[in-house]
Amino acid sequence: MATDPSRSGRSPHRARRMRSAEPYFYLAPGIAIVALVMLVPLVVGVSFSFQNYVIFRPASRGWSGLENYVELWTDRTFWHALGNTVKWTFWSVLFQIGLGLGLALILDKPFWGRPVFQSLVFLPWAVPTFLSGLNWQWLFNPIVSPLPSWLAFVGILDAPRNILSDPDLALYGPITAMIWWGVPFFAITLLAALRSVPSDLYEAASIDGASAWQSFRYVTVPFLLPMMTITILLRTVWVANSPELIFVMTEGGPAGMSQTLPNYVFTSAYSSMNFGYASALASVLMVMLVIYSILLLWVRGRLGQ
Amino acid sequence: MKIVASASLWLVRLAYLVFALFPLFWLLRIALTPDQILYREGTTLWPSVTTFENFRFVIEESPFPTYFLNTVIVSLGTAAIVTVLATGIGYAFSRFRFRGKTPLMVFLVITQLFPIVMVITPLYQLLAPLGLIDTRIGLIVVFTAFNLPFAAFLMHSFFEGIPGELEQAAMIDGCTRFQALIRIILPLMLPGVGATLGFVFTAAWSELLFSLMLISSEAKKTFAVGLLGFVGRSGVDWGQMMAAATLALIPPAIFFTAIQKYLVGGLTAGAIKG
């Protein structure tokens, strides 16, 4: 690309330097604010995890090495919350993929009323998370909602009662709300991926005598996979990290039975006021998510070959 | 055969529609039910009497109009700033090769892995000396940082859908690169800019944790914090709460409905390659 060095009387050398600096002008403001507001607190936060830092015992604050992490090893609540985090994330994301893919496939082919249908089924994504939590909290309440009696009718519950107050089932309340809220996101990204499949691939497949299933399996799926891995990665991380729905719907209860790690971090930090321990919990969560992401991207790389 | 297939397809569509809309229908149904019959007719599909009293109360006699306005200011502010900054990042990633590009992209991806609960306390300590606690500006700054990485990738994807020859042609005609971006490229990207604006607006509108931690004064509360306060108060007034919730839903629903088709289109353009 020819740039005219004489334009502002600058030397060619300086013009070249200006040009190579150009991308940074576009990047700098955004990157600066992300670094300041996310990176700096993150580093500080991780450093808390190596400290004895309980807010109402300021005198005893100081470096404590791995003490918080050692404590975590024998903390039964931690292991329980970890198990719940896996359950919560796995079921939420699994159903979101299944239903989202179904929705994307439905929306891919034109039918009467499709634009209206699309904007209506995508609506849950516009509902603020906390609000969808409140909304489902009411829906699980047998006094003001028919849902519990429907669940009893189809045999999921033995009687129309509130699953949010059942220690064994409470976690499935927020999971349902999360699925409901997150299906549109999967549908949107998978629909985008479906639309990007070149149509001549389908034509070639049908000329070769492929059945509908075969062309789905050998044309659509390989095209969807890269987008699907990225969407799964993003959603898994967001879901695993998100305490809102549980915070709003069950507060981790009854008796801590629906506590996940982000919620346990919250309780440790703002009920027990133990910031050091809370940070150790959060750091463990983050390390696990990083490992998970690397694994998933590695799998994606293998699939791409 | 064909009729059976198309009938079952419609059944599936209907099932999705019910799944997506029933919770929202129930929200509205309780908001419209008079207090006196709420518990008596709680599980019937439609109450025998309906009323707008809950809406009237929320609008005229509760602090929700203030919360509403605060949320609008914070969400619009965030959406506008994020979109401008994300345009810069997306453009740089899409059109330049430069040192540090890959590490920067990886950095933005990694920010998505941070547990928010981890940074809240340090962030509080960082914002306090700057006088940004309990201010709408503080909230906008925080939301901006947290929404920017995803928005930048979204904008990157939209830029990838526009051929680079366009601004090269404009530059040969004597535009600077910045002029070419503003005059030639951005007008073509309006759907993408709109989609990013709408996406960030919806996300900022929904935010709960930071608002809860950073805002304490009544006059600056956002909707999320206000609604949770409703639960905390002695005896939940379901009807009023649902009415407030219904109102809270209107702006993001309008925004999102307007942009969803561009969101699909924009992701198609570039994200898959990336």
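**Figure 1. The largest cavity, in a predicted model.** The largest cavity has a volume of about 770 Å³. A cavity is a set of points on a 1 Å grid over the protein atoms alone where a 1.4 Å probe fits but cannot get out. Grid points are joined across faces, edges and corners, and the volume is the space filled by probe spheres set on the points. This is a predicted model, in which local features need pLDDT of at least 70, side-chain atom pairs count only at pLDDT 80 or more, and totals for chains, interfaces and linings use all residues. Side-chain values use heavy atoms, with hydrogens and water left out; residues are numbered from 1 along each chain as its sequence is written, while chains are lettered from A and ligands numbered from 1 in the order in which they are written.

The largest cavity is lined by 30 residues, and Trp238(A), Glu244(A), Ile116(B), Asn147(B) and Ala203(B) lie nearest its centre; lining residues have an atom within 4 Å of a point. At least two lining residues come from each of α7 (172-195) and α9 (212-241) of chain A, and from each of α7, α10 (190-206) and α11 (209-214) of chain B. Helices are DSSP runs (H or I, at least four residues) and strands likewise (E, at least two), numbered from the N terminus. The lining divides into 19 nonpolar, eight polar and three charged residues. Ala, Val, Leu, Ile, Met, Phe, Trp, Tyr, Cys and Pro count as nonpolar, Asp, Glu, Lys and Arg as charged, and the others, Gly among them, as polar.

**Figure 2. The second largest cavity.** Two or more lining residues are given by α11 (261-270) and α12 (275-303) of chain A, and by α6 (116-127) of chain B. Nine of the lining residues are nonpolar, two are polar and none is charged.

**Figure 3. Helices α4 and α7 of chain B.** The axes of α4 (residues 64-95) and α7 (residues 136-160) of chain B come within 6 Å and cross at roughly 40°. Axes are lines fitted to C-alpha atoms, for helices over the stretch in contact, and angles run from 0 to 180 degrees between N-to-C directions. The angle makes α4(B) oblique to α7(B). Angles under 35 degrees count as roughly parallel, over 145 as roughly antiparallel, 65 to 115 as roughly perpendicular and the rest as oblique. The contact of α4(B) with α7(B) has 17 nonpolar, nine polar and three charged residues.

**Figure 4. Helix α7 of chain A and helix α1 of chain B.** α7(A) packs on α1 (residues 2-31) of chain B at an angle of about 125°, with the axes 10 Å apart. That angle makes α7(A) oblique to α1(B).

**Figure 5. Helix α5 of chain A.** Ten of the eleven residues of α5 (residues 129-139) of chain A are buried, so the helix is largely enclosed by the rest of the structure. Buried means under 20% relative accessible area, exposed over 50% and partly exposed in between (1.4 Å probe, protein chains only). The buried residues include Phe130(A), Trp136(A) and Trp138(A).

**Figure 6. Gly42 of chain B.** Gly42(B) is placed in the loop between α2 (35-38) and α3 (53-61) of chain B. Gly42(B) counts as buried, at 2% relative accessibility.

How values were computed. 1 Å grid on protein atoms, 1.4 Å probe; cavity = no way out; pocket = protein on both sides within 12 Å on 5 of 7 lines; lining within 4 Å.
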